[in-house]
Amino acid sequence: LPIFEAKIREPPSTFMGRESPLPLVFVHGPFHGASCWDGFQAFFADHGYRSLAFSFRGHGTSARGPLSVAETKFFHYVDDLAVSCRSMGVPPVIVAHSFGASVALKYLESYPAQALVQLNPYPVTISKAFKERIHTLQTRSPQSFLLSEEGRLRLASAPESSQLFGREYPTTALEDFSSIPPNFETGAIPMLVLGSTQDQIVTEQEVRDSATALDVADPTDLKMFGTSGHSLMLDVEAREAASYMLQWLQNQNI
(Lines give C-alpha, C1' and ligand atoms only; values in the text may rest on other atoms or scores of the structure.)
Protein backbone atom coordinates (compact mmCIF):
# COMPACT_ATOMS: atom_id res chain seq x y z
CA LEU A 1 0.00 0.00 0.00
CA PRO A 2 1.17 3.59 -0.61
CA ILE A 3 2.08 5.93 2.22
CA PHE A 4 -0.95 8.08 3.04
CA GLU A 5 -1.31 11.69 4.00
CA ALA A 6 -3.19 11.48 7.31
CA LYS A 7 -4.24 14.41 9.47
CA ILE A 8 -5.10 13.53 13.07
CA ARG A 9 -6.97 16.11 15.12
CA GLU A 10 -7.29 15.69 18.89
CA PRO A 11 -9.71 17.54 21.17
CA PRO A 12 -8.18 20.30 23.34
CA SER A 13 -6.79 19.40 26.76
CA THR A 14 -9.99 20.68 28.43
CA PHE A 15 -11.62 17.41 27.32
CA MET A 16 -9.04 15.18 29.04
CA GLY A 17 -10.63 12.82 31.57
CA ARG A 18 -14.05 12.99 29.95
CA GLU A 19 -15.70 10.10 28.13
CA SER A 20 -14.74 10.53 24.49
CA PRO A 21 -17.26 10.33 21.64
CA LEU A 22 -16.59 7.82 18.90
CA PRO A 23 -13.82 8.89 16.48
CA LEU A 24 -14.58 10.37 13.06
CA VAL A 25 -12.91 9.42 9.77
CA PHE A 26 -13.29 12.04 7.03
CA VAL A 27 -13.29 10.83 3.41
CA HIS A 28 -12.78 13.32 0.57
CA GLY A 29 -14.14 13.25 -2.97
CA PRO A 30 -12.53 13.87 -6.38
CA PHE A 31 -10.26 16.89 -6.87
CA HIS A 32 -9.85 17.11 -3.09
CA GLY A 33 -7.51 15.84 -0.39
CA ALA A 34 -7.38 15.61 3.39
CA SER A 35 -7.01 19.39 3.75
CA CYS A 36 -10.58 19.99 2.61
CA TRP A 37 -11.71 18.76 6.04
CA ASP A 38 -9.58 21.15 8.12
CA GLY A 39 -12.59 23.25 9.12
CA PHE A 40 -14.73 20.24 10.08
CA GLN A 41 -11.87 18.67 12.02
CA ALA A 42 -11.33 21.88 14.00
CA PHE A 43 -15.07 22.23 14.67
CA PHE A 44 -15.48 18.68 15.95
CA ALA A 45 -12.28 18.78 17.99
CA ASP A 46 -13.77 21.76 19.82
CA HIS A 47 -16.70 19.50 20.70
CA GLY A 48 -14.56 16.63 21.97
CA TYR A 49 -14.21 14.46 18.86
CA ARG A 50 -10.95 12.86 17.78
CA SER A 51 -10.75 12.61 13.99
CA LEU A 52 -8.67 11.48 11.05
CA ALA A 53 -8.76 12.95 7.54
CA PHE A 54 -6.69 11.14 4.94
CA SER A 55 -5.95 11.55 1.25
CA PHE A 56 -6.63 8.64 -1.10
CA ARG A 57 -3.61 7.30 -2.98
CA GLY A 58 -2.57 9.78 -5.67
CA HIS A 59 -4.44 12.65 -3.98
CA GLY A 60 -3.17 15.37 -1.66
CA THR A 61 0.33 14.40 -0.62
CA SER A 62 -0.38 10.65 -0.49
CA ALA A 63 1.92 8.49 -2.56
CA ARG A 64 0.44 7.32 -5.83
CA GLY A 65 1.82 3.80 -5.74
CA PRO A 66 2.52 1.87 -8.95
CA LEU A 67 -0.69 3.03 -10.69
CA SER A 68 -1.73 6.44 -11.97
CA VAL A 69 -4.95 7.98 -10.70
CA ALA A 70 -6.56 7.08 -14.04
CA GLU A 71 -5.50 3.43 -13.60
CA THR A 72 -6.54 3.08 -9.96
CA LYS A 73 -9.56 0.85 -9.43
CA PHE A 74 -12.52 1.36 -7.14
CA PHE A 75 -11.42 -1.41 -4.75
CA HIS A 76 -8.09 0.36 -4.22
CA TYR A 77 -9.92 3.30 -2.65
CA VAL A 78 -11.95 0.92 -0.48
CA ASP A 79 -8.66 -0.55 0.73
CA ASP A 80 -7.37 2.95 1.52
CA LEU A 81 -10.45 3.65 3.64
CA ALA A 82 -10.13 0.30 5.41
CA VAL A 83 -6.53 1.05 6.41
CA SER A 84 -7.52 4.49 7.70
CA CYS A 85 -10.51 3.23 9.73
CA ARG A 86 -8.47 0.39 11.21
CA SER A 87 -5.90 2.90 12.49
CA MET A 88 -8.54 4.45 14.79
CA GLY A 89 -8.70 1.31 16.94
CA VAL A 90 -12.51 1.07 17.00
CA PRO A 91 -15.13 1.24 14.25
CA PRO A 92 -15.50 4.97 13.59
CA VAL A 93 -18.19 7.28 12.32
CA ILE A 94 -17.43 7.76 8.62
CA VAL A 95 -18.02 11.21 7.14
CA ALA A 96 -17.73 11.03 3.37
CA HIS A 97 -18.08 13.53 0.53
CA SER A 98 -19.09 12.95 -3.09
CA PHE A 99 -17.26 9.97 -4.65
CA GLY A 100 -15.90 9.26 -1.17
CA ALA A 101 -19.45 8.41 -0.09
CA SER A 102 -19.59 5.77 -2.83
CA VAL A 103 -16.36 4.30 -1.48
CA ALA A 104 -17.81 4.33 2.04
CA LEU A 105 -20.94 2.45 0.94
CA LYS A 106 -18.82 -0.26 -0.65
CA TYR A 107 -16.61 -0.37 2.45
CA LEU A 108 -19.68 -1.03 4.60
CA GLU A 109 -20.41 -4.24 2.72
CA SER A 110 -17.38 -5.82 4.41
CA TYR A 111 -16.35 -3.65 7.37
CA PRO A 112 -18.03 -2.12 10.44
CA ALA A 113 -18.75 1.51 11.24
CA GLN A 114 -20.83 3.22 13.91
CA ALA A 115 -22.60 5.59 11.51
CA LEU A 116 -22.27 7.12 8.06
CA VAL A 117 -22.65 10.79 7.19
CA GLN A 118 -22.73 11.58 3.45
CA LEU A 119 -22.20 15.06 2.03
CA ASN A 120 -23.39 15.59 -1.55
CA PRO A 121 -23.03 11.86 -2.26
CA TYR A 122 -22.76 10.47 -5.75
CA PRO A 123 -26.00 8.77 -6.84
CA VAL A 124 -26.36 5.15 -5.81
CA THR A 125 -27.01 4.40 -9.49
CA ILE A 126 -24.81 6.27 -11.97
CA SER A 127 -26.80 7.63 -14.94
CA LYS A 128 -25.65 8.87 -18.34
CA ALA A 129 -26.63 12.43 -17.40
CA PHE A 130 -24.49 12.23 -14.26
CA LYS A 131 -21.49 11.02 -16.25
CA GLU A 132 -21.92 13.95 -18.62
CA ARG A 133 -21.79 16.35 -15.67
CA ILE A 134 -18.59 14.67 -14.48
CA HIS A 135 -17.08 15.09 -17.95
CA THR A 136 -17.86 18.81 -17.77
CA LEU A 137 -16.11 18.97 -14.40
CA GLN A 138 -13.01 17.32 -15.87
CA THR A 139 -12.74 20.04 -18.53
CA ARG A 140 -13.11 23.03 -16.19
CA SER A 141 -11.35 24.51 -13.19
CA PRO A 142 -12.44 22.38 -10.21
CA GLN A 143 -12.76 25.40 -7.91
CA SER A 144 -15.05 27.20 -10.35
CA PHE A 145 -17.32 24.16 -10.62
CA LEU A 146 -17.34 22.74 -7.09
CA LEU A 147 -18.16 25.89 -5.11
CA SER A 148 -20.95 28.42 -5.20
CA GLU A 149 -20.10 31.95 -6.33
CA GLU A 150 -19.93 33.09 -2.72
CA GLY A 151 -17.70 30.16 -1.84
CA ARG A 152 -15.30 30.94 -4.68
CA LEU A 153 -15.02 34.53 -3.53
CA ARG A 154 -14.43 33.40 0.03
CA LEU A 155 -11.54 31.11 -0.95
CA ALA A 156 -10.04 33.28 -3.68
CA SER A 157 -7.57 34.99 -1.37
CA ALA A 158 -6.97 32.08 0.99
CA PRO A 159 -3.32 30.95 0.74
CA GLU A 160 -4.27 27.33 1.37
CA SER A 161 -6.91 27.23 -1.40
CA SER A 162 -4.49 25.69 -3.90
CA GLN A 163 -4.11 22.71 -1.52
CA LEU A 164 -7.82 21.95 -1.54
CA PHE A 165 -8.30 21.09 -5.20
CA GLY A 166 -6.35 18.60 -7.31
CA ARG A 167 -6.31 18.22 -11.07
CA GLU A 168 -6.87 14.49 -11.61
CA TYR A 169 -10.06 12.48 -11.53
CA PRO A 170 -10.49 8.73 -10.80
CA THR A 171 -12.15 7.95 -14.14
CA THR A 172 -11.57 4.19 -14.05
CA ALA A 173 -12.88 3.96 -10.52
CA LEU A 174 -16.09 5.70 -11.53
CA GLU A 175 -16.61 3.14 -14.30
CA ASP A 176 -16.09 0.37 -11.73
CA PHE A 177 -18.60 1.89 -9.34
CA SER A 178 -21.29 2.32 -11.99
CA SER A 179 -21.51 -1.48 -12.16
CA ILE A 180 -21.17 -2.11 -8.40
CA PRO A 181 -24.29 -0.86 -6.59
CA PRO A 182 -23.98 -1.00 -2.79
CA ASN A 183 -25.08 -4.31 -1.37
CA PHE A 184 -24.98 -3.82 2.39
CA GLU A 185 -27.91 -4.13 4.79
CA THR A 186 -29.73 -0.79 4.74
CA GLY A 187 -30.78 0.46 8.15
CA ALA A 188 -28.00 -1.45 9.89
CA ILE A 189 -26.32 1.75 11.10
CA PRO A 190 -27.52 5.35 11.49
CA MET A 191 -27.12 7.34 8.29
CA LEU A 192 -27.31 11.08 7.62
CA VAL A 193 -27.41 12.60 4.13
CA LEU A 194 -26.52 16.27 3.58
CA GLY A 195 -26.99 17.89 0.17
CA SER A 196 -26.89 21.26 -1.56
CA THR A 197 -29.64 22.57 -3.81
CA GLN A 198 -27.05 24.63 -5.77
CA ASP A 199 -24.84 21.59 -6.46
CA GLN A 200 -23.90 21.51 -10.16
CA ILE A 201 -22.77 17.86 -10.03
CA VAL A 202 -25.32 15.96 -7.93
CA THR A 203 -28.87 17.26 -8.27
CA GLU A 204 -31.21 17.63 -5.32
CA GLN A 205 -33.42 14.89 -6.76
CA GLU A 206 -30.44 12.54 -7.06
CA VAL A 207 -29.58 13.16 -3.41
CA ARG A 208 -33.17 12.47 -2.39
CA ASP A 209 -33.36 9.36 -4.59
CA SER A 210 -30.17 7.99 -3.04
CA ALA A 211 -31.51 8.64 0.45
CA THR A 212 -34.69 6.72 -0.45
CA ALA A 213 -32.68 3.82 -1.90
CA LEU A 214 -30.68 3.65 1.33
CA ASP A 215 -33.85 3.65 3.49
CA VAL A 216 -33.13 7.06 4.97
CA ALA A 217 -36.72 7.69 6.02
CA ASP A 218 -36.58 9.95 9.08
CA PRO A 219 -36.91 13.61 7.97
CA THR A 220 -34.04 14.60 10.29
CA ASP A 221 -31.71 12.16 8.47
CA LEU A 222 -31.81 14.21 5.25
CA LYS A 223 -30.92 17.90 5.14
CA MET A 224 -30.61 20.13 2.07
CA PHE A 225 -28.70 23.43 2.19
CA GLY A 226 -29.81 26.19 -0.15
CA THR A 227 -26.74 28.31 -0.87
CA SER A 228 -23.69 26.04 -1.20
CA GLY A 229 -22.29 24.09 -4.12
CA HIS A 230 -20.92 20.53 -4.30
CA SER A 231 -18.07 21.11 -1.84
CA LEU A 232 -20.38 21.79 1.10
CA MET A 233 -17.60 21.43 3.69
CA LEU A 234 -15.70 24.32 2.06
CA ASP A 235 -18.58 26.58 1.08
CA VAL A 236 -20.52 29.30 2.86
CA GLU A 237 -22.77 26.89 4.77
CA ALA A 238 -19.95 24.68 6.04
CA ARG A 239 -20.43 25.66 9.68
CA GLU A 240 -24.20 25.18 9.46
CA ALA A 241 -23.63 21.72 7.97
CA ALA A 242 -21.14 20.83 10.72
CA SER A 243 -23.54 22.07 13.39
CA TYR A 244 -26.40 20.02 11.94
CA MET A 245 -24.17 16.95 11.83
CA LEU A 246 -23.08 17.50 15.45
CA GLN A 247 -26.68 17.72 16.66
CA TRP A 248 -27.55 14.59 14.67
CA LEU A 249 -24.64 12.66 16.18
CA GLN A 250 -25.65 13.74 19.67
CA ASN A 251 -29.23 12.67 19.00
CA GLN A 252 -27.85 9.24 18.01
CA ASN A 253 -25.83 9.16 21.27
CA ILE A 254 -22.63 9.03 19.22
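F54, F56, F74, Y77, F99, Y122 and F130 come together as one aromatic cluster. The model is a predicted one, with local features needing pLDDT of at least 70, side-chain atom pairs counted only at pLDDT 80 or more, and totals for chains, interfaces and linings taken over all residues. Residues are numbered from 1 along each chain as its sequence is written, and side-chain values use heavy atoms, leaving out hydrogens and water.

Rings of Phe, Tyr and Trp (its six-membered ring) pair if their centres lie within 6.5 Å, with planes under 30 degrees apart called stacked, over 60 edge-to-face and the rest tilted. By this rule there are 14 aromatic pairs. One of them is F43 with F44, edge-to-face at 5.1 Å centre to centre and 80° between the planes. Another edge-to-face pair joins F74 and F99, at 5.7 Å and 80°. That pair ties together distant parts of the chain, 25 residues apart: F74 belongs to helix α2 (residues 74-86) and F99 to helix α3 (residues 99-107). Helices here are DSSP runs (H or I, at least four residues), as are strands (E, at least two), numbered from the N terminus.

F74 and F99 are both buried, meaning under 20% relative accessible area with a 1.4 Å probe, protein chains only (exposed is over 50%, partly exposed in between). Helix α1 (residues 38-45) has its own buried set: F40, Q41, F43, F44 and A45. These buried residues pack (contact: heavy atoms within 4.5 Å) against β1 (6-9), β2 (24-27), β3 (51-54), β5 (115-119) and α10 (238-251).
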